[in-house]
Amino acid sequence: MKAIRRFTVRPVLPDPLRPLSDLARNLRWSWHTDTRELFQSIDPDGWHASAEDPVRLLGTVSAERLAALAQDRRFLRRLQAVADDLADYLGGRRWYQNQQNRQGTEPPTAIAYFSPEFGVTAALPQYSGGLGILAGDHLKAASDLGVPLIGVGLLYRHGYFRQSLSRDGWQQEHYPVLDPNELPVSLLREADGTPCRISLALPGGRSLHANIWQAHVGRVPLLMLDSDVEENGPGERDVTDRLYGGGSEHRLLQEMLLGIGGVRAVRSYCRLTHHPEPEVFHTNEGHAGFLGLERIRELGTQGLDFDSALESVRAGTLFTTHTPVPAGIDRFDRELVARHFGHDGELPGVDVERVLALGMETYPGGEPNLFNMAVMGLRLAQRANGVSTLHGSVSRGMFAGLWPGFDPDEVPITSVTNGVHAPTWVAPEVVRLGAQQIGAGRTEDALSVGGSPRWDAVADIGDAEIWDLRRTLRENLVHEVRGRLRASWLQRGAVDAELGWIDGVLDPDVLTIGFARRVPSYKRLTLMLRDRDRLMELLLHPERPIQIVVAGKAHPADDGGKRLVQELVRFADDPRVRHRIVFLPDYGMRMAQKLYPGCDVWLNNPLRPLEACGTSGMKAALNGCLNLSVLDGWWDEWFEPDFGWAIPTADGAAADEDRRDDLEANALYELIEQRVAPRFYEKGRAQLPDRWIQMVRQTLVTLGPKVLAGRMVREYVERLYAPAALAHRALGPSTARELAAWKSRVRAAWPGVAVDHVEAVAATAVNGTAELGSTLSLRVRAGLGDLGPEDVEVQAVAGRVDSEDRITGAQTFPLKPASGPDLEGRWTYEGPLALDRTGPYGYTVRVLPAHRLLASGADLGLVALPTEATGEGAGVLMR
């Protein structure tokens, strides 16, 4: 029989055990080993049965066991020590608080960080893949550093799907219902105890209501909106049913709730807790882009017009894109958006045409009837970044249409390379080895804050210790794989009697390669199967065998991805190789925390340059696993032969996709055959693989400090959050009106701006050549129309030129007004141009808008360039 109602019965903890409740409700336990070990000691079997979730564990412990623990002085001493440590962590000064003393300007009092998913712990399954895991690591690193972040997301009642396999290897999806009362979250409540609730207006007089659930991620509050409330109709209740599910309108409502509702949730949270209001709003991918519109509406109620409010909002907004392909961006039909922001929809008082203009693809190559969430995110943010150096370059090219007239290199999208939260992903065995070397406190500091001197101590760890650790981690993985594989086969319909072979799956002394990802086609799950006979030879090599552990989920609507999973599973089911290659279903955080440390090599073979960052390889590297990867994402940035291998790519050389896959698969096989496997099995002194161990050591020493989320968050603070806070403070109501009026005037007058004539004189130039170190004297006449010199900057842009006279590695040199205006309204600008490079060299001149409050000269997307008729000196080349 099914229950007609469900509720949670919580245990009553004896007074001496009350600190357990606070420890269970703060998700710091998910990355704090002492806290996890304390809960495990309460009931080791129950800890495993609860999937290592303290809230679930405490709900199952018997009253007798709790009474015994309340009298156990040793346990109570441990409990008090862990509780005191949490109190010190939450209240003590950390990196960010020390920055406040060192810098001349006050850093942001608070930052709101919006993301559609957060992977903090498997006990709070609100993530699907890399974007969510990155967001969770961002919160945890911010907490470790003391950065005053407020996380904002949605609480999905089904989370992302759970994956299993049919007998023939086809992916099957399951959506278990999540009861918030059984999760490590609590309702945000008003002073009178009633749930704090936010509402959005929907077409037809309907409303979308949502509760606000709060999780404590160390020092960082995470607010999650939940539409499953009784006041909503059935359709509205299901808005937060599942992550990345439903059709266009469903996704639009989710993103409206995340962005608009999220800002309202932040305001309510700050009102109720007296937390400082955020000065900076960080949009992690385009899903939360509507937050800018809500903030414009707020300023409108305070008397600011739309354009002035837009400038104020942009100043304090950061947009991070994680998408290297247009197909990965949410785009909505214009009419759908217009209906939800029309006269009876959301944001009353905000002109729907102004809303639409922010997201429409009104640029060459765009689809003018589509509303693009990333385009809106960029237009609503004064600062933007990609998530690796290569991805920043890809993003500048992908969005260059928003800044016509500028080269992609000048598009104002920078990059901050992702990092991973080491205390979450580094195996306890690795942490203990580090603690033996430099002490527990310094090890914790090295993992959270970083700094190469702390990591240099790895060089002093002995070869035998490193190799014993690597074998222990590999053996742990073997046991984990066998248990998961048996469970998977039982789900597929097998019986124990036919599964005896699983006890021989994998070998703790065999080179182990890991591959675990989402399964879109560009990540090429099955590239390793391109030549199956050759792969079999590698797996079954008599002297240098390899073994491969594979995991990954295809999106429920992606049948192509499911076919790739099935293809891999069927190969792994072959009795000839099933002891050497396995596919593990239901890839998630708990599996990943065993998988990364246990692998010797981490494989990544996407189509370059479609991997924005690829942080799984970073997590593996922190455990001494070597990377074998295409030069994409972060690996393109930091690869060195001392600590890994680069898979050669055929991009550009082979337009045919099949041929490209053949070439790159062949390169992968050759690397494993000729370099990776021989290096692993090659024995040196004391029968240890000396050269392999040295690569492990180099991975930890060199990559360790770079791949940390602590390094990433410090970069966000110093390069983006702090400047955004300064810009936000500079844009008070009167200044915002001034900037908006100036921009309006400049846009209206820009058609009258032109470069009329350019002259250049080089004292030593002869027949189009000039000597290194000489100087060109430039003289430019420019028409400014209704603008004055104070509104513009005239620049010379110079550098080497290619065979088509395109300037590369450009440098800019400001020119100064010398006279004007003449009778025709033209101004004369002059300045020197130093010739500091040899070879083919060229220059041009341009006019840009200039204002003290602009973040960059490209901010308005306006530029005036010379025409072919401007004059003989324009763009002269010196060869």
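The following exercises, each with a worked solution, concern the predicted model shown above.

The model is predicted, local features require pLDDT of at least 70, side-chain atom pairs count only at pLDDT 80 or more, and totals for chains, interfaces and linings use all residues. Residues are numbered from 1 along each chain as its sequence is written, and side-chain values use heavy atoms, with hydrogens and water left out.

**Exercise 1. Aromatic rings**

Classify the pair formed by W95 and Y96, and state which residues make up the aromatic cluster that includes W467.

Solution. 
Step 1. A pair of aromatic rings is described by the distance of the centres and the angle of the planes. Rings of Phe, Tyr and Trp (its six-membered ring) pair if their centres lie within 6.5 Å; planes under 30 degrees apart are stacked, over 60 edge-to-face, and the rest tilted.
Step 2. The structure contains 20 aromatic pairs. In the pair of W95 and Y96, the centres are 6.4 Å apart and the planes make 50 degrees, which is the tilted class.
Step 3. Both W95 and Y96 are buried (buried is under 20% relative accessible area, exposed over 50%, partly exposed in between, with a 1.4 Å probe and protein chains only).
Step 4. The cluster with W467 consists of W467, W645, F680, Y681 and W692.

**Exercise 2. Charges over rings**

Which charged ends sit over the rings of W467 and F161?

Solution. 
Step 1. The criterion requires NZ of Lys or CZ of Arg within 6 Å of the ring centre and within 35 degrees of the ring normal.
Step 2. Over W467 sits the charged end of R474, 5.3 Å from the ring centre.
Step 3. Over F161 sits the charged end of K553, 5.0 Å from the ring centre.

**Exercise 3. An annotated lysine**

Describe the annotation and the surroundings of K619.

Solution. 
Step 1. In an unreviewed entry, UniProt lists K619 for "modified residue: N6-(pyridoxal phosphate)lysine". UniProt positions are given in the numbering used here, feature names are shortened, and annotations may be inferred rather than shown by experiment.
Step 2. K619 belongs to helix α25 (residues 616-621); helices (H or I, at least four residues) and strands (E, at least two) are DSSP runs, numbered from the N terminus.
Step 3. K619 counts as buried because its relative accessible area is 3%.
Step 4. Leaving aside residues up to four places away in sequence, K619 touches I133, D137, V420, W425 and Y596, where contact means heavy atoms within 4.5 Å.

**Exercise 4. Strand pairing**

Determine how β16 and β17 run relative to each other, and how β3 and β4 pair.

Solution. 
Step 1. Two strands pair if DSSP finds at least two bridges between them.
Step 2. Strand β16 (residues 546-553) and β17 are parallel and joined by four bridges; I548 stands opposite I581 in β17.
Step 3. Together with helix α23 (residues 559-573), β16 and β17 make a right-handed β-α-β unit. Right-handed means that, with the strands pointing away from the viewer, the path from the first strand over the helix to the second runs clockwise.
Step 4. In β17 (residues 581-584), I581 and F583 point one way, V582 and L584 the other way, and all are buried.
Step 5. Strands β3 (residues 162-165) and β4 (residues 171-174) are antiparallel, with four bridges, and R162 has H174 in β4 as its bridge partner.
Step 6. β3 and β4 form a hairpin with five residues between them, and G169 in the turn has a positive phi of about 90 degrees.

**Exercise 5. Backbone geometry**

Solution. 
Step 1. R608 and P609 are joined by a cis peptide bond with omega of about 5 degrees; P609 is in the loop between β18 (601-604) and α25.
Step 2. For the cis bond between G820 and P821, omega is about 0 degrees, and P821 is in the loop between β24 (807-819) and β25 (826-834).
Step 3. E52, although not a glycine, has a positive phi of about 60 degrees. E52 lies in the loop between α3 (44-49) and α4 (54-58) and is partly exposed because its relative accessibility is 21%.
Step 4. R524, also not a glycine, has a positive phi of about 55 degrees. R524 lies in the loop between β15 (511-518) and α22 (532-539) and is buried, since its relative accessible area is 5%.
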